[in-house]
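The sequence and structure are shown first.

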Amino acid sequence: MIKRLTQWIDDRLGASSFAKQALNKVFPDHWSFLLGELALYCFLILVLTGVFLSFFFDPSVSESVYRGEYEPLNGVHVSNAYKSVLDLSFEVRAGLVMRQMHHWAALIFIAAMFVHMLRIFFTGAFRRPREINWLIGLTLLILGLLNGFSGYSLPDDLLSGTGLRIAYSVVLSIPVIGTWMAFLVFGGEFPAEQIIERLFVVHIFIVPVAIAGLMTAHLAIVWRQKHTQFPGPGRTEGNVVGEKLWPTYMTKSMALFFGVSAVVAILGGLVQINPVWLYGPFRAEQIPSPAQPDWYLGWLEGALRLFPPWEIRAFGFELPNPFYPAILLPGITFNLLYLWPFLEAKLTGDREPHHLLERARDHPVRTALGIAGLAFYLVLFAAASNDLLSKWLKIPVESITNAYRVLLLVFPPVAGLITYRLMDALRRTGAEGLMHLPLSALTRRTQE
Amino acid sequence: MRRAVFGYLLVSVLLAGCAYFGDQTAPYRAPGVVEVDTVTDGKTLYMRDCAWCHGNEGQGTENGPSLTTGTNGPAMTDFVLSTGRMPINHPDQRVQRHASIYTPRDIEAIIDYMETFEAPGPDIPSVDPARGDIGEGAELYQDNCAACHASTGIGGALSVGGSPEQATAVAPPLNSSTPQEVAEAMLVGPGTMPVFGPETFTEHEVNSILAYVEYLRDPNNRGGLPMGRIGPWSEGAAAWILGLGPLMLLIVWIGRKV
C-alpha cells in the first residue's frame, strides 16, 4: 500500500531520485559544523513557543486598572500589553514556562549564531565561493539582534521601556533626518502610542519571515556548494569526506534538536528570566537602576556608557552624543564584517575558490585581527555593567568607566599582538605539545 | 653575627607592627560589648561610644559631624543605631549596615539621653505596613525609590560626582531593612538619600511603601531561580554558561566520528 502510494507520488513528482541523492549526500564530521544547526533549532523553538505567546499577548498600550492573580500590583494602572504579560505569567496554563523558554531560546539563539560566525571567520570558510553565505549569515545575526530587542520591548515593563527610550534618543541623534526618522518609527514623541503595536508586527511577522527565508537560502547554498572541511588524509579541494545524511547525520541532527529542546526547557522551567512583575509597568518618568539590556546588546550599551559626552558640530549640524557610539560604531562594525571577505581577498590577492578550511594558525594576521576585534567588543560588553561592578567593588562608577576607556584602547592591540606571535610560532614550529590548548580545539579533528 | 641580624630584623618587624597597628587603633574605643548589659544608662553609653567623635553635647568634633542640626533627632539616632551604622571605629570608616552592637534597651537609653541635645529632627515614627495598600506602595516605590535602590530592591551604585564619599555612594539593598528602619530612612534621608518627609507622603502612603518594601524582601519568585535578581546581567551569563555551554559539549560529543 505504502509502496503503491510512494510509487504514485514518484511518478508525478520524480522525487525518488532526488531523495536518494539527498539521503546519500555526505556531510563532513567536525563538531564545529554543528553550531549553525544549533542556532537553527533555537529558532525552531522560538517559533513554536512564540506562536503560543502570540495567542495571549495584547500589543495595545491603552491603560486599565490591573485586577488579577498578582496581588502586589492590584489596583495599579497598567497597559494592556503589560497586563497580558502578567496574565501569561500568572494565569495562563504553562504561560510562564513558555515565556521563559522563549526568552532563554532567544539568548542562546544569538549566542549560537555568534559562535558559528566566529568559527566561519577563524577557519576562513567565508572565502570564495562562499561570500554570499557570509553576507546572508551576517544579515541573519543582525535580524536576530533586531528581533531580540523588539521582543524584549514588548512587555511594556519599566526595564524594557528604558531600552526603548535609549533607542528613541539614538534614532533622534541621526544627523539631518533623525527627528523625522524617530517620528516615523515611533509614531510620535516618546513614549508614543503605537510603538508596541509596531514592534509586535516587526517581531512576530516581518523579521521572523525574513529570518526563515534567509535561513532557507543559507542552507540551500550550503547544499549546493557542498560543505567545507578541514584538511586531512584523503580530503581534497574536490571531495567531501564524512558521513551520509541518512542515517548518520540525520540521527545526529535529531539528537541535537532534542538536546536543544531539553536545555531550553530546563532553563525555562527552573531559572527565572525577566520577572516583569517585579520591574513594574513602564512609566515615562521613572528610570530604574541597574538597567542592562539583554547580553547581545551589551556592546552597544557599553559604547554609550564609555563614549565621552562630546557634542560635535560639523557642517552646521549638531551631532548629538549617541550618534557616535550607537549609530556610527555599529555602522562601521557591520560594514567591516560585510566587506571582510572582499577586503581579505584584496589584501592577500587570493581569489581562488577554497573548499578546505584553514586553521587559525595558517593565517596569523586574520586570527590576530579577529582576536583584537573580539577584545574590543568584549571591553565594550563589560562596560555595560560598570554600575554593577561599582556596587560590588565599591569603586566610583567614574573610575571604572575611565579604566574601561583605557582598556578599550590598550587591550585589543595587545591581544592581537600576542595572538599573532602565538599563531606565527605555532605555524613555524608546528608545536604539537600546544595542540591541546583551547585555542587549537578547532583543529584537533584534523589530526586523526 | 647571624643572630644579631636576626634579632635586629625581629625587633624592627615588631616595631613596624606596633607603629602600623598603633596608627590603626589609636582612635579606637572598644564599643564595650562585654559591659553592655550592665551599663544601660544612656549618658554613659554616649560618653563612652560616641562623644569622642560627636562631642559631649553632640556639637561635633573633627572626627564626626554635629548631631544637633539637620534631620538629627530620635528617628535619625534610632536609624543609625538599629542598622548598626554607628558607632564606627575610625572616622574614615565606611558607614554601612552592620549588626547592631546594642540591645533595644540600650538604644532607647541613648536616644533618651540625646534628646537633651534638642536636635530639630523628626521623632521615631509609628508604622503599620498592614494598613498600607501594597499596590499603591508598588507605584510609589517605583516612582521614588527604584532609581537608586533598583526596582527589585537589590540596591545599586549611584553615579553622583562631587566628593569621593559621594562618588562611591551605594544605595544599599533593602532586603534586610525592617519597616521601622525604612520609615526612619525616609524621614531622615541618611547619607546621600533625599528626605521623604510628611510633606511628601501621607501616613497611609508611607505604610503602603513599607508594605511593598517588605514584600520585596521575599517577592513572588514564580519562574524559578531568581539569580540575585540582577536582571539581564545574570541572565546573559546563564544563557552562555548553562545554555550554550552544555550544548557545545553536546555537539562535541555527537560531532565525533562514528
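Where in chain A does Thr123(A) lie?

The model is predicted. In chain A, the loop between α5 (95–122) and α6 (131–153) holds Thr123(A). Thr123(A) has a relative accessibility of 1% and therefore counts as buried, the cut-off for buried being under 20%. A polar atom of the Thr123(A) side chain lies 2.8 Å from the backbone oxygen of Arg119(A).

## Aromatic pairs

Over all chains, the count comes to 36 aromatic pairs. One of them is formed by Phe52(A) and Phe56(A): the ring centres are 5.1 Å apart and the planes stand at 50 degrees, so the pair is tilted. Because Phe52(A) and Phe56(A) are four residues apart in helix α3 (residues 35–56) of chain A, about one helical turn separates them. Phe56(A) counts as partly exposed because its relative accessibility is 35%.

An edge-to-face pair is formed by Trp299(A) and Phe334(A), with 5.9 Å centre to centre and 80 degrees between the planes. Trp299(A) belongs to helix α12 (residues 298–306) and Phe334(A) to helix α13 (residues 323–348), both of chain A, so this pair ties together parts that are 35 residues apart in sequence. Trp299(A) and Phe334(A) are both buried.

## Cluster and charge over a ring

One aromatic cluster is formed by Tyr70(A), Phe90(A) and Trp277(A) together with Tyr141(B), Tyr212(B) and Tyr215(B).

Another aromatic residue, Trp223(A), has Lys25(A) over its face, at 5.0 Å from the ring centre.

Conventions
Residues numbered from 1 in each chain as written. Chains lettered and ligands numbered in written order. Predicted model: local features only at pLDDT ≥ 70, side-chain atom pairs only at ≥ 80, totals over all residues. Heavy atoms only, no water. Phe/Tyr/Trp six-rings, centres within 6.5 Å; stacked < 30°, edge-to-face > 60°. Helix = DSSP H or I, 4+ residues; strand = E, 2+ residues; numbered from the N terminus. Buried < 20%, exposed > 50% of the residue type's maximum accessible area, 1.4 Å probe, protein only. Lys NZ or Arg CZ within 6 Å of the ring centre and 35° of its normal. Polar contact = N/O pair within 3.5 Å; in protein donor to acceptor, adjacent residues only side chain to side chain.
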